[in-house]
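Here are my notes after a pass through this one.

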Amino acid sequence: MNNVKINPLAYAAGASVTGVDLRKPLTNAELEAVTKAWHNHLVLVFPEQNLTPQELIDFTSQFGQVERNDNVPYYRHPEFPEVLLVSNKPVDGKPSQTRNTGRNWHADLTYTDRPAKGSALLCKEKPNVGGDTMFANLYMAYDTLSPVIRNFIDTLEAVHDITLIKGFSRRDPAQIEEMRRLNPPIAHPVVRIHPETDKKLLFISERVRNFVGMSEEESQPILDFLNRHATSPEFVFRHRWSVNDLVMWDNRATLHVALADFDQSQSRHMMRCSLLGERSGYVINVDEDQSAGSLKSALAAVS
Ligand code: SIN
């Protein structure tokens with residue numbers, strides 16, 4: 001028996017979860033109900049959860065192993081490395097480097113060999129209006145492709161590149177260098193099977209540079225199509241934040257984007273905890289891979 005209430009918020013994804021206090025450990029029945037809802041709705045909104053950083057970590061750890069954010073070791077909470085501060089509040093008098101986090105469609109940590117299983121984001125401060133987050137359902141994206149395209153992408157691998165984070169080049173140069181060193185380009189399958197639901201999904205993102213064995217010129221039109229398709233309005237849930245909303249998403253089956261549609265002089269301050277995902281990628285030597293099939297190399301060969 002439990003008092004957990006699940007109410008769908010949109011067709012593609014999203015459900016609110018009430019009747020549970022996340023400051024306390026979930027009972028077995030609550031954990032089961034929440035996990036089932038997570039797999040069904042992909043994005044869960046728990047309103048009015050005024051958690052401390054430690055409580056956020058404790059809540060998240062009930063769903064798997066919590067990440068320490070070692071691949072991007074900046075803007076972690078000073079006492080809790082598991083908590084990333086996604087915030088536009090100045091730090092030591094300087095603009096926060098996470099003020100523009102998540103501005104293109106992505107899943108968290110796909111530039112590592114273990115993209116996150118899920119992430120939990122807690123809103124501590126928000127602008128009067130705007131600063132919403134949108135989520136896209138990647139099962140729907142896969143299921144609605146034609147059999148011909150599904151067949152074509154079934155064995156493709158995509159090269160995920162940290163430098164394609166929107167606004168990456170505007171970050172602190174020393175941090176850029178370190179983030180590149182820690183996160184060389186990684187190849188992941190374009191079609192993944194979700195380990196819990198066994199369903200296929202389209203694992204694409206705006207942080208993909210090309211497909212393995214294909215040049216950027218060849219890849220870009222296909223990437224554009226797949227990204228546009230995956231983020232079609234029909235597949236999207238848009239969350240309007242309230243302070244103390246905790247939103248937990250299935251990072252393997254969704255993309256998300258943080259919108260900059262707000263007055264930047266107002267604070268937007270979030271704490272994020274991510275769950276370590278299973279290994280699905282490998283480091284790729286881009287120069288070797290790109291030398292085949294590229295238009296430039298073909299032109300060089302005939303000149
Ligand atoms: C993220 O991309 O993980 C942050 C999303 C947000 O701030 O809304």
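1. First, a reminder that this is a predicted model. Nothing below comes from an experiment, and every value is computed from the model's atoms.

2. His269. You'll find His269 in strand S15, which spans residues 269-275. Is His269 buried or exposed? It counts as buried because its relative accessible area is 17%, and the cut-off for buried is under 20%. Leaving out neighbours within four places in sequence, His269 is in contact with Leu85, Val86, Ser87 and Lys89, and also with Leu122, Cys123, Lys124 and Glu125. Note that Cys123 from the previous point turns up among those contacts.

3. Aromatic pairs. Searching the whole structure gives five of them. One to look at is Phe135 with Trp249, a tilted pair with 5.3 Å centre to centre and 50° between the planes. Phe135 lies in strand S6 (residues 133-137) and Trp249 in strand S13 (residues 246-250), so this pair ties together parts that are 114 residues apart in sequence. Both Phe135 and Trp249 are buried.

4. Aromatic cluster. Which residues form one aromatic cluster? Trp38, Phe46, Phe59 and Phe63 do.

5. Charges over rings. The charged end of Arg150 sits over the ring of Tyr142, at 5.4 Å from its centre. For Arg192, the ring is that of Phe203, and the charged end sits over it at 4.5 Å from the centre.

6. Tyr75. This residue is in the loop between helix H2 (53-60) and strand S4 (84-87). Phi of Tyr75 is near 60°, a positive value in a residue other than glycine. Beyond residues up to four places away in sequence, Tyr75 touches Val83, Leu84, Leu85, Val91, Pro95, Ser96, Gln97, Thr98 and Gln175. With Gln97, the side chain of Tyr75 reaches the backbone nitrogen at 3.5 Å. As for Arg279, Tyr75 is 204 residues from it in sequence and 25 Å from it in space, C-alpha to C-alpha.

7. Glu48. Here is another backbone angle to check: Glu48 has a positive phi of about 55° although it is not a glycine. Where is Glu48? Its place is in the loop between strand S3 (43-46) and H2. With 70% relative accessibility, Glu48 counts as exposed, whereas His269 is buried at 17%.

Note on methods. Residues are numbered from 1 along each chain as its sequence is written. This is a predicted model: local features need pLDDT of at least 70, side-chain atom pairs count only at pLDDT 80 or more; totals for chains, interfaces and linings use all residues. Side-chain values use heavy atoms; hydrogens and water are left out. Helices (H or I, at least four residues) and strands (E, at least two) are DSSP runs, numbered from the N terminus. Buried means under 20% relative accessible area, exposed over 50%, partly exposed in between (1.4 Å probe, protein chains only). Contact means heavy atoms within 4.5 Å. Rings of Phe, Tyr and Trp (its six-membered ring) pair if their centres lie within 6.5 Å; planes under 30 degrees apart count as stacked, over 60 as edge-to-face and the rest as tilted. A charge sits over a ring if NZ of Lys or CZ of Arg is within 6 Å of the ring centre and within 35 degrees of the ring normal. A polar contact is a pair of N or O atoms within 3.5 Å; within protein, one must be able to donate a hydrogen and the other to accept it, and residues adjacent in sequence count only if both atoms are side-chain atoms.
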